Amino acid sequence: AVLCFMPSSQLYAPPLVVLAALGTVFGPGMLTIYYVNAYLGVPLTDLGVSFIFAILSLAAVTAAEKYQVKKESDRTSGTCGRQLLSLWKYSITPIVALAFVLQFGWPGALLGATSFVLVLKTFRAGLLKLCWAGCPSPGEQMRVLLSGDSFPPKLDGVQNFARNTIQALVRDGHKVHVFCSNGSPTTHLAPENYGATVTRGPGVEVQPKHKITLPSPHFLVALMRFKPHIIQFFDFTPCAIFVVPFLWWLGIPVVISHHSRIDLYAAYVPGFIGDYSPQVVRAACEIVFPLVTGHLLIDGSQKDQSWFQGHANTRFWATGCDLEFFHPSKASRETRSICSNGRPDLPLVVFVGRLSPEKQVDKLIDLVKVTNLPGEPELCRFAIIGHGDSWESIHQEIGNRPDVYMPGAVTGEQLASTVASADIFFSPTVTGTLDLVFIESQAAGIAVVGPRAVAVPLVVTDGVNGRLYDPLDMQDAKRAIQEIAAGNLDKMKAEARKNAEANFTWSKSSDEAIQFHKDVLQYFQRHR
C-alpha cells in the first residue's frame, strides 16, 4: 500500500491500488483461517475440504449454466434447469461447505448450516429491497447508477463517455445518480451540471485532479438513497473489483464498460511487483467478470480475452466525438507557426495525451531522433502536447531541439486549434483500447499514424485516412510518416474527417449504451 504513494517515473497507480486492496483482503483472510483453526478448533483438513468442495461445485455449476444458456438459445430447454442450478449454487453449495467446517455430527452440522444460510438469505432479501428498485416495468424510465474514477476535474476520454452517457440518459427522461470521489458540485463539468445527483465517497489522489474511488459504506448509502434499476462502472476500477461481488450476491444487475487494458497497464508498476501484477489483475478479471451482467467493449478485439468467452451479454460500444469542437475550421496559421517553432512549411506531427510510462511515450524520443537525423533535411516538426510523469524525462532528451515543441497540457479551444493546425496525429500506445484522441484527430481533419494493434485498425484504414506501423517500431513509424508527407496528404485529411462524421457521433454512442442497459435488464428479468 505504501508503494501507491511513492513518487516514481515508472509508477502507474490504478493497478497498484488494486494490488494493495487485494493484499488487504488476503491478509485478513489468512488471519481468519488461523483464528478459526487455532481458537475454534477447526482442523485445516476440514477447512481445505470445505474450500475444495465449494470451488469444484461452483466450477461445475458455472459450466452447466453456460451449457444451459446454449440450450436455451437453441430453444431446447425451459426454466426448470436454471432453477435447479440456482438452488445448487446458492443454497446447497454453501450449506454443505459450511457443514464441513462446523464441528458437530453431520445431522447437526447440516441443520446448523441450513439455519445460518436461511438467516443470511433473509438478511439479503431485506437489504435488496432497500437497495434495488427491481426491473422497470414496460414504459417505465430507468434509474441508472454510474460509478468510476473519470469524473471532473479529471478530464480524459472516459470522462467524455461518462458525461455524454449522463446527458443522453437525462435527455430521454431517465434518472441518473453518480458515485465517485472526484470533484464537488461546483467543479466545472461536474455531473450535477447535467441533471445527475451525486454521492461522493473517499478516494486516493494518485495524480493531480485524479482520485481513485475506494469501496466504502458510502456506496451502500448511494444504493439506499437512489435505489437504481441497473449499475454501470466506467472501467474495471478498484472500487468495482470489490463492489461487484457484493452486488452479485445481492442480485442487482451490473454493467462494466471497458475503456482501459488494466491487465496490460499493470506491468508498469515498479520493481519486482510489476513482474507479477499482470497475473494478479488477470486472475481478478477471471473471477469478477463472470459475476457481471453485461460488458461493453470499446475495443472489439477484447472479445477474444478468456474472461469474456461465453458471456451472454458482451457488446461492442462505439466511440463518440464532439464533431463541432474538433473541426478543421479551428486550424490557425498562428498556432501552426508556434507549434512548428517557426517552420509552418514543414509537415507538423502532433501527439496529444497523458505522458506516462504505461502509454509507451518514451518511444516519442526514439521517433524524433530517427526521423530528423543530424546532417539531413528535416522531414517534419513535432508538437508533443500533454503532461504526466514522463514529461520531464522526455523534455530532457528532446525538449530543447528546434524540431520539437513541448508546451505541456493544453485544453479548450487552444487544444482544438492545435490539433486542427497539424497534419498528422501520431500515437505509440499499444496498451489502450481505442483512445478517443484518434477520433478527435480525425474529426479535426488530420491524418493518423498509429500502431497496428488493439482497436487502432478499426479507425485507421491504412492508406486511406492514415497509416499503420508495426507496434513499437519507430523506424516503421518513420516510414508511415514519410509516406503520408510524400503522398496525397490533403486527401487523407479529408477522408479522416469523413470517417469521423460517418461513424463516431456521441448521439450514436450514447443511444447504444442506453439500449444495452434495456437489453441487460430484460435478460436479467428472464434469468434471475
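This briefing describes selected features of one structure, from its strands and cores to individual residues.

The model is predicted, so local features are reported at pLDDT of at least 70 and side-chain atom pairs at pLDDT 80 or more, while totals for chains, interfaces and linings use all residues. Residues are numbered from 1 along each chain as its sequence is written, and side-chain values use heavy atoms, with hydrogens and water left out. Helices (H or I, at least four residues) and strands (E, at least two) are DSSP runs, numbered from the N terminus. Burial is given by relative accessible area, where buried means under 20%, exposed over 50% and partly exposed in between, with a 1.4 Å probe and protein chains only.

**Strand S1 and its partners**

- Strand S1 (residues 143-148) has five of its six residues buried, so it is largely enclosed by the rest of the structure.
- S1 runs parallel to strand S2 (residues 175-180), with five bridges between them; two strands count as paired if DSSP finds at least two bridges between them.
- Arg 143 has Lys 175 as its bridge partner in S2, and the chain passes from S1 to S2 by way of helix H5 (residues 157-171) in a right-handed β-α-β crossover. Right-handed here means that, with the strands pointing away from the viewer, the path from the first strand over the helix to the second runs clockwise.
- S1 also pairs in the parallel sense with strand S6 (residues 230-234), over five bridges, and Val 144 stands opposite Ile 230 of S6.

**Nonpolar cores and aromatic residues**

- A nonpolar core is a set of buried Ala, Val, Leu, Ile, Met, Phe, Trp, Tyr and Cys residues joined through side-chain atoms within 4.5 Å; the largest has 93 residues, of which Phe 219, Phe 233, Phe 236 and Leu 247 touch the most other members.
- A second, separate core has 30 residues, including Ile 384, Met 406, Phe 426 and Met 474.
- Leu 247 is in contact (heavy atoms within 4.5 Å) with Phe 219, Leu 223, Ile 231, Phe 233, Ile 252 and Val 254, leaving aside its neighbours within four places in sequence.
- The structure holds 15 aromatic pairs, counted where ring centres of Phe, Tyr and Trp (its six-membered ring) lie within 6.5 Å, with planes under 30 degrees apart stacked, over 60 edge-to-face and the rest tilted.
- Phe 325 and Phe 326 make an edge-to-face pair, at 4.9 Å centre to centre and 85° between the planes; Phe 325 is partly exposed at 23% relative accessibility, whereas Phe 326 is buried at 6%.
- One aromatic cluster is formed by Phe 236, Phe 289, Trp 307 and Phe 308.

**Backbone geometry in loops**

- Most residues other than glycine have a negative phi, and most peptide bonds are trans.
- Pro 152 and Pro 153 are joined by a cis peptide bond with omega of about 15°, and Pro 153 is found in the loop between S1 and H5.
- Asn 341, in the loop between helix H10 (333-339) and strand S10 (348-352), has a positive phi of about 55° and is partly exposed at 37% relative accessible area.
- Gln 360, in the loop between S10 and helix H11 (363-371), has a positive phi near 55° and is buried, with a relative accessible area of 4%.

**Arg 452**

- Arg 452 is found in the loop between strand S14 (447-451) and helix H15 (456-459), and is partly exposed at 39% relative accessible area.
- The side chains of Arg 452 and Asp 470 are joined by a polar contact of 2.9 Å.
- A polar contact is a pair of N or O atoms within 3.5 Å; within protein, one must be able to donate a hydrogen and the other to accept it, and residues adjacent in sequence count only if both atoms are side-chain atoms.
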